[in-house]
Amino acid sequence: MCNKDFQSPPSPPSTVQIKQGRKVLPDFLQNIKLKYVKLGCHYLVSHLLSLFSLPLIAIIFVQGSQMNYQDLHYLYFNLQHNLASIIILFLVLVFASTFYIMTRPGSVYLVDYSCYRGPDHLKATYYKFMEHSRLTDDFDETSLEFQRKMLGRSGLGEETYVPETMNCIPPRPSMAAAREEAETVMFGALDNLFKNTNFKPKDIGILVVNCSLFNPTPSLSAMIVNKYKLRGNIRSFNLGGMGCSAGVIAIDLAKDILQVHRNTYAIVVSTENITQNWYFGTKKSMLIPNCLFRVGGVAILLSNKMADKRRAKYKLVHVMRTHKGADDKAFKYIYQEQDDKGKTGVSLSKDLIEIAGNAVKTNITTLGPLVLPISEQFLFFMTLVGRKMFNAKMKPYIPNFKLAFEHFCIHAGGRAVIDELEKNLQLSPIHVEASRMTLHRFGNTSSSSIWYELAYTEAKGRIQRGHRIWQIAFGSGFKCNSAVWLALRNVRPSPNSPWEDCIHRYPVKLAY
């Protein structure tokens, strides 16, 4: 039977006990590779025309405002005697301006987004999780004890959500149940998004859906097209198997398509499906996802229409993608496979921290020249050159990323990675608060976790106009991807936010 009303004893206080003696991220700022700095500088140089044109326009404007009647008369007299040159110059300026306007990337605006929040009967308390695991008769005592310890150290709280089928004894992980989970999450997020924005589904020109482990036929994107009766010429895409960083990849794909097809809207849906990917075996590396991953999803409305700038929340500034798949060790870090008894699951490598650290190192080194102030870039570059040419033991200069961003949305993949990024980037607890609280309240929702974190920051009323937000996610492949957003106004949470009923209780105290 399905235990919607499964009774559990009172939950312990919202305090997660976290032990010491764990692996830590490599100090990636000690061994930054110069080629990634060069790559970042390449991106910077590609925007030099825009950077230099603004001061030039300002100088011309200032000089023009200081001219008097005699100066204008003298200028007019000279123009009459150099008419041919003036016409040629004018045509060159018109051609250059037209070429620049036609080829420059258009702005992409985030109008709004909506995160899925499950019903109360699907909340997985510690007791409920362990009791259901015991009653399935698939786990021996060693496996149960391992899951109990992992759950206690995970950073997850008592209100994360599991699929409906995991609420049944015995569980029923069928294809139909997996479809039901996907529809519930995707349609729930989309319905709320359309309601909040008064948006007509028929206006959607681009649809991008990402889900790693559930890719049926017809596809998830086709399910959305059918549900909302989207137009026949919609450009739809379905990304599969790309892990927890696929949400940023989906944004990047939508951005590129919006650059080609002007005056249109794009919907991005990021989710993960747990129903058919719960592991019912005894291999420890494959039991870890059971203790971390939970139900979640997000629907995002993007636009390239200038008219939407006034009502949009954010403008997309940068997307930076890093792929370490060429390295065999990184490639197999997250690996879907069968155990010795033929039971399918996802295995997590014990080298998680090291692999994630190397990918993050590459990503932020490439992103740095695009976002850091010139002063930080200069100090960082001079220290790097000094270490390479003179003294390898010279203490490296750690760029202050707090000067580049006001808010950080670090993928809530696990407590250890959040802790180590906080230490290596010298962030304060408030900068990683959204990540820790999202992990505690919703668990690891895969590619949608960075949006629950952004929603948390909005619910706290912290995002003001002009603030910059850094979303960074990492996952199978191994990939690390970043998105940088600029707040276009003082952002407040949209109706039916995932934190609407509980933000007053956060942040909770976590014991380390």
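## A tour of the predicted chain

Start with the whole chain in view. Of its contacts between residues at least 6 apart in sequence, 82% join residues at least 24 apart. Keep in mind that this is a predicted model. The chain holds 16 helices and 11 strands. Now show the surface: the accessible area is about 24700 Å². Carbon and sulfur atoms account for 59% of that area. Of the 512 residues, 52% count as buried.

**Stop 1: helix 5**

Select residues 126–135, which form helix 5. Which residues are buried here? They are Lys128, Phe129, Met130, Glu131, His132 and Ser133. Then step just past the end of helix 5 to Asp137. Its phi is positive, about 65°.

**Stop 2: helix 14**

Move on to residues 415–424, helix 14. Here 9 of the 10 residues are buried, so the helix is largely enclosed by the rest of the structure. Colour the buried ones: Arg415, Ala416, Val417, Ile418, Asp419, Glu420, Leu421, Glu422 and Asn424.

What covers them? Show these elements in turn:

- Helix 6 (141–153) and helix 12 (352–371) are part of the cover.
- Helix 15 (433–442) is also included.
- Strand 9 (407–410) and strand 10 (468–475) contribute as well.

Finish at Gln426, which follows helix 14. Gln426 has a positive phi, near 55°.

Definitions and conventions. Residues numbered from 1 in each chain as written. Predicted model: local features only at pLDDT ≥ 70, side-chain atom pairs only at ≥ 80, totals over all residues. Heavy atoms only, no water. Buried < 20%, exposed > 50% of the residue type's maximum accessible area, 1.4 Å probe, protein only. Helix = DSSP H or I, 4+ residues; strand = E, 2+ residues; numbered from the N terminus. Contact = heavy atoms within 4.5 Å. Areas by Shrake-Rupley, 256 points an atom, 1.4 Å probe, with all protein chains shown as cover.
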